[in-house]
Amino acid sequence: TQARKAGRKNGSGGLAGATLLKHFEVLHSALGQAVRWELIARNPADAVDRPRADKRPGQVIRALSADEVAALLAAAKDTRLYTPILLAVTTGLRRGELLALRWSDLDLEKATLSVNRALEETGAGVGFKAPKTSRSRRTMPLPQVAVQALRDHHRAQAELKLKTGPAYADQNLVFATPLGTP
């Protein structure tokens with residue numbers, strides 16, 4: 001309970017239930033190995049209740065209503081955020097999955113999208129990683145509105161590449177900075 005209230009290394013608050021569960025599982029596993037090596041007689045973590053990975057109050061996820069989605073898309077229209085927002089609301093992709101998409105992950109003729117990696121920001125910087133879970137690696141259909149928006153976005157990106165010239169760091173990303181970087 002102390003870690004749930006004030007367990008962060010920097011002292012700024014408590015740890016999430018999922019984090020506590022991971023800590024418990026690592027400790028339980030290590031102590032289990034110590035039992036197998038006959039370093040200890042029994043695993044003391046067996047006597048501890050397994051933490052629950054429940055959400056803390058205030059972390060309720062609420063999906064947008066159809067009217068809210070329409071308002072969001074209308075507000076983003078004619079901005080560079082329109083296509084990633086449209087893709088997010090029509091596919092349910094996570095932000096990191098969207099930002100890691102390459103043009104080679106899309107088949108606009110078949111109207112499909114493949115999720116093969118995700119973008120992650122760490123203290124060391126920005127990099128690509130495997131998707132969050134093994135089931136996160138998937139291929140999904142794209143609605144026609146998304147296909148058309150992606151075609152328009154691809155044309156605009158090609159024009160930007162031509163205007164920017166050699167300064168454009170082309171990484172084949174669907175959603176890149178104006179200089180082509182993640």
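In which hand of crossing does α4 pass α6? The answer is a left-handed crossing. Keep in mind that this is a predicted model.

**Helix packing**
- The two partners are helix α4, covering residues 82–91, and helix α6, covering residues 144–164.
- Their axes sit 10 Å apart, and the packing angle is about 155°.
- Angles over 145 degrees count as roughly antiparallel, so α4 and α6 are roughly antiparallel to each other.

**Nonpolar surface patch**
- Leu 64, Leu 72 and Val 89 together make a nonpolar surface patch of about 220 Å².
- Leu 64, one of the patch residues, belongs to the loop between α2 (17–36) and α3 (66–76).
- With a relative accessible area of 44%, Leu 64 is partly exposed.

- As background, most residues other than glycine have a negative phi.
- Asp 78 has a positive phi, near 70°, and you'll find Asp 78 in the loop between α3 and α4.
- Ala 111 also has a positive phi, near 60°, and lies in the loop between β1 (106–107) and β2 (112–115).

**Buried or exposed?**
- Asp 78 has a relative accessible area of 77%, so Asp 78 is exposed.
- Ala 111 comes in at 12% relative accessible area, so Ala 111 is buried.
- The cut-offs behind those labels are under 20% for buried and over 50% for exposed.

Definitions and conventions: Residues numbered from 1 in each chain as written. Predicted model: local features only at pLDDT ≥ 70, side-chain atom pairs only at ≥ 80, totals over all residues. Heavy atoms only, no water. Patch = residues over 30% accessible without salt bridge, like charges linked within 9 Å, V, L, I, M, F, W, Y side chains within 5 Å. Areas by Shrake-Rupley, 256 points an atom, 1.4 Å probe, with all protein chains shown as cover. Salt bridge = Lys/Arg side-chain N within 4 Å of Asp/Glu carboxyl O. Helix = DSSP H or I, 4+ residues; strand = E, 2+ residues; numbered from the N terminus. Buried < 20%, exposed > 50% of the residue type's maximum accessible area, 1.4 Å probe, protein only. Axes fitted to C-alpha atoms, helices over the stretch in contact; angles between N-to-C directions. Parallel < 35°, antiparallel > 145°, perpendicular 65-115°, else oblique. Left-handed = near helix turned anticlockwise from the far one by under 90°.
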